[in-house]
Amino acid sequence: MYTDHYIEEISTPLFRDIFEQAPDAMLVVGSDDTILTINRRTEMLFGYPGKELVGRKLDILLPGEWKQPHASHHAEFTSQPENKSKNHDTDLYGRHKNGGNIPVAISLSPLESVARGLIAVAIRDISERKKMEIMLRLAEGERQFQQALDMIMEGAQIIGPDWRYVYVNNAAAEHGKHKREELIGKTMMEMYPGIENTRLYDTLRLCLESNRGEQFVNEFVYPDQSKAYFELRIQPVPQGLFILSIDVTGRIKNEHELTDRNRELKDSNDALEQFAYIASHDLQEPLRTVSNYIGLLDRTYAQQLNERGKLYITHISNATHRMQLLIKGLLEFARIGKQSEREFVDINHLIHQVLEDLSLLVSEQNARLVIDTMPDRMYVCSEDIRRLFQNLITNGIKFRQPDVLPKIEIGAVEENNAWKFWVKDNGIGIDPKFHKRIFLMFQRLHTRKTHDGSGIGLAHCKKIVESHSGRLWVESAPNAGSTFYFTLSKNSIHEFQD
């Protein structure tokens with residue numbers, strides 16, 4: 001049983017950010033080994049969604065034969081609070097949800113700054129290390145095992161303490177653009193002048209001095225200035241350093257290209273939004289002037305105009321009003337995600353405020369609303385989420401079926417690290433062929449005579465949801481009503497119960 005104070009401590013954005021950025025699976029457990037929270041890496045490693053682990057004992061992640069050794073280890077750890085941290089003396093195996101075993105190493109550390117009895121558990125996947133150990137045994141064995149290394153696609157080499165190549169397989173030689181016989185017996189400095197000024201050399205030297213392994217992606221620059229990228233896994237062995245190299249040049253270049261394209265796309269989107277904001281803002285004043293003069297003409301010369309002239313005035317006035325609505329919509333679209341900081345919001349209270357704003361429309365249309373209990377603590381931009389619900393509720397009432405009183409149902413359900421909401425109506429529905437089109441700017445499925453609007457509202461909704469790391473979609477058919485679903489990220493903040 002843990003108080004709200006301690007729960008809040010491990011729910012803070014700073015704690016969660018650090019927790020989620022950890023390269024290992026991370027869990028916080030109580031003194032009774034009950035899991036209180038996990039990070040995303042834990043879900044990925046073991047295949048369980050968070051809701052299936054929180055509240056369970058930690059040994060759910062261990063095979064049967066390892067449960068007792070872990071229980072003994074945990075009891076020893078909790079009985080010696082003076083120890084700052086402790087690792088298992090031997091490697092364990094974790095149990096995946098599908099029943100498979102995963103080689104892991106487990107480390108326990110007390111969270112003394114939060115609450116006595118809370119323990120941080122780090123679980124590292126050591127599958128690759130196990131594979132490397134097997135390959136090292138091959139490299140250290142007889143000639144036939146070295147022949148096996150010759151056949152693998154990854155580069156394998158052993159560098160002696162004097163920096164000479166002791167063993168090189170074909171793949172490693174190709175990675176260096178040399179032949180095996182050119183490398184064996186030569187030093188790295190002889191084969192690659194200037195390598196002693198690189199990160200690779202510094203890392204290898206530290207591995208030799210500390211007798212510890214290392215893993216990283218290395219950018220290798222050849223004498224002709226061309227580049228390649230290799231994922232290197234370095235392990236000390238009696239002969240020096242064993243290096244397993246995997247060519248990831250294609251993957252890294254694709255990642256660089258994707259990063260560049262994303263940056264260009266973001267710059268382009270920012271420029272477009274800035275243009276839309278400035279253009280729509282600057283257009284408001286001349287439009288107000290046009291609207292004022294139209295009103296002045298109508299009031300001053302109404303008696304001198306014939307019916308056609310009055311009709312022209314009406315058309316100009318209506319067109320000006322529609323343009324003002326479009327410009328207002330563009331301004332609101334450009335401001336989404338930029339108007340306010342995120343804060344913790346009670347969605348129940350927020351929807352109540354929305355319904356107060358829409359009370360006149362609800363009353364005029366005799367609309368009935370059925371609202372389930374909503375999450376009471378979400379980290380969102382409150383103004384944007386208010387607009388999201390307001391647009392969806394308004395649409396559900398506006399696009400009603402003739403002679404049918406509108407009914408709107410609003411609900412939510414927890415799914416993994418997000419909440420899924422829905423706003424369901426009994427209106428005219430939407431043909432499935434238009435389900436994607438309706439979320440684009442200025443897309444209308446009906447004439448202004450039947451349903452007024454700017455064609456921007458659902459584009460607003462889509463941008464609001466995506467700015468909260470969610471997605472928006474609709475399920476609908478003609479004359480069968482529409483259900484708009486959207487997800488909102490919980491921002492990696494788990495909710496706890498005593």
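Helices (H or I, at least four residues) and strands (E, at least two) are DSSP runs, numbered from the N terminus. The model is predicted: local features need pLDDT of at least 70 and side-chain atom pairs count only at pLDDT 80 or more, while totals for chains, interfaces and linings use all residues. Residues are numbered from 1 along each chain as its sequence is written, and side-chain values use heavy atoms, with hydrogens and water left out.

**Thr 203**
- Helix α10, covering residues 199-210, contains Thr 203.
- Thr 203 counts as buried because its relative accessibility is 12%; buried means under 20% relative accessible area, exposed over 50% and partly exposed in between (1.4 Å probe, protein chains only).
- Beyond its neighbours within four places in sequence, Thr 203 is in contact with Glu 214, Phe 216 and Ile 234, where contact means heavy atoms within 4.5 Å.

**Nonpolar cores**
- A nonpolar core is a set of buried Ala, Val, Leu, Ile, Met, Phe, Trp, Tyr and Cys residues joined through side-chain atoms within 4.5 Å.
- The largest nonpolar core has 35 residues, of which Phe 389, Phe 421 and Phe 486 touch the most other members.
- Elements that each supply at least two residues of this core include α13 (347-357), α15 (382-398) and β18 (482-489).
- With six residues, α15 gives the most to this core.
- Apart from this core lies another, of 24 residues, among them Tyr 165 and Tyr 201.

**Helix α15**
- Of the 17 residues of α15, 13 are buried, so the helix is mostly covered.
- The expected span of a helix is 1.5 Å times one less than its number of residues.
- The 17 residues of α15 should therefore span 24 Å, which agrees with its end C-alpha atoms being 24 Å apart.
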